[in-house]
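Colleague: I would like to learn how to read this model feature by feature. Where do we begin?

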Amino acid sequence: APPGRPRAAVLFLHDADGVTPAADADVTASLVGLGLACCAPHGGPCWWLDRVDPAFDAAASPEQFLTDAALPWVLARWELAAKAVAVVGVGMGGQGA
């Protein structure tokens, strides 16, 4: 990747507590050191399922949001190929990933 552009990215799905990598300086430093960008959308207690949850969105499921909005944003934002993005998570987010 060109200088200043990440070589890959992670789409991080949070647990029920909503904590993201931004809350941990060591994790953030590790991501930067590895040349990885990170996108961590907030989904509330949605379990990242492929079913509409009115608390998340009245029309789109959390999974639809990830595939239709979050992933395309990551790809465009950092000019990455789809194979350069990993979906990761912990707890509830691990189940969704």
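This is a predicted model: local features need pLDDT of at least 70, side-chain atom pairs count only at pLDDT 80 or more; totals for chains, interfaces and linings use all residues.

Colleague: What is the relative accessible area of tryptophan 73?

Modeller: Tryptophan 73 has a relative accessible area of 44% and is partly exposed. Its ring pairs with that of tryptophan 78. The centres are 5.5 Å apart and the planes stand at 80 degrees. Planes over 60 degrees apart count as edge-to-face. That is why this pair is edge-to-face.

Colleague: How many aromatic pairs does the structure hold?

Modeller: Three. One of them joins tryptophan 48 and phenylalanine 56, again edge-to-face, with 6.5 Å centre to centre and 70 degrees between the planes. Trp48, Phe56 and Phe65 form one aromatic cluster.

Colleague: Is tryptophan 48 buried or exposed?

Modeller: Buried, with a relative accessible area of 3%. Now look at the backbone there. Most residues other than glycine have a negative phi. Tryptophan 48 has a positive one, near 55 degrees. Tryptophan 47 also has a positive phi, near 60 degrees.

Colleague: Where does tryptophan 47 lie?

Modeller: In the loop between β2 and α2. Tryptophan 48 lies in the loop between β2 and α2 too. Tryptophan 47 counts as partly exposed, at 42% relative accessibility.

Colleague: Let us step back to the fold. In what order do the elements of the chain run?

Modeller: β-α-β-α-β-α, from the N terminus on. The chain has three helices and three strands.

Colleague: What share of the contacts with a separation of 6 or more comes from residues 24 or more positions apart?

Modeller: They account for 64% of those contacts. As for burial, 30% of the 97 residues count as buried.

Colleague: Which residues have the most contacts inside the largest nonpolar core?

Modeller: Leu11 and Val74, in a core of 19 residues. β1 (8-13), β2 (36-39) and α2 (62-77) each supply at least two residues. The largest share, five residues, comes from β1.

Colleague: And which residues does valine 74 touch, not counting residues up to four places away in sequence?

Modeller: Ala9, Leu11, Cys39, Glu79 and Val85. Glutamate 79 has another partner. It forms a salt bridge with arginine 5, with the closest N and O atoms 3.2 Å apart. The structure holds one salt bridge.

Colleague: Which parts does that pair tie together?

Modeller: Glutamate 79 lies in the loop between α2 and β3 (85-89), and arginine 5 in the segment before β1, so the pair ties together parts that are 74 residues apart in sequence. Glutamate 79 counts as exposed, at 56% relative accessibility. Arginine 5, at 31%, counts as partly exposed.

Colleague: How should I read the loop between β1 and α1? Take histidine 14, which is found there.

Modeller: Check burial, then list contacts. Histidine 14 is at 1% relative accessibility, so it counts as buried.

Colleague: What happens at the start of helix α1 (residues 25-33)?

Modeller: A side-chain oxygen of aspartate 24 reaches to within 2.8 Å of the backbone nitrogen of aspartate 26. After α1 comes glycine 35, whose phi is positive, near 75 degrees.

Colleague: One more helix. Which residues is glutamate 63 in contact with, leaving aside its neighbours within four places in sequence?

Modeller: Trp48, Leu49 and Asp50. Glutamate 63 is found in helix α2 and counts as partly exposed, at 37% relative accessibility. Its C-alpha atom is separated by 9.0 Å from that of valine 52, eleven residues apart along the chain.

Methods
Residues are numbered from 1 along each chain as its sequence is written. Side-chain values use heavy atoms; hydrogens and water are left out. A nonpolar core is a set of buried Ala, Val, Leu, Ile, Met, Phe, Trp, Tyr and Cys residues joined through side-chain atoms within 4.5 Å. Buried means under 20% relative accessible area, exposed over 50%, partly exposed in between (1.4 Å probe, protein chains only). Helices (H or I, at least four residues) and strands (E, at least two) are DSSP runs, numbered from the N terminus. Contact means heavy atoms within 4.5 Å. A polar contact is a pair of N or O atoms within 3.5 Å; within protein, one must be able to donate a hydrogen and the other to accept it, and residues adjacent in sequence count only if both atoms are side-chain atoms. Rings of Phe, Tyr and Trp (its six-membered ring) pair if their centres lie within 6.5 Å; planes under 30 degrees apart count as stacked, over 60 as edge-to-face and the rest as tilted. A salt bridge is a side-chain nitrogen of Lys or Arg within 4 Å of a carboxyl oxygen of Asp or Glu.
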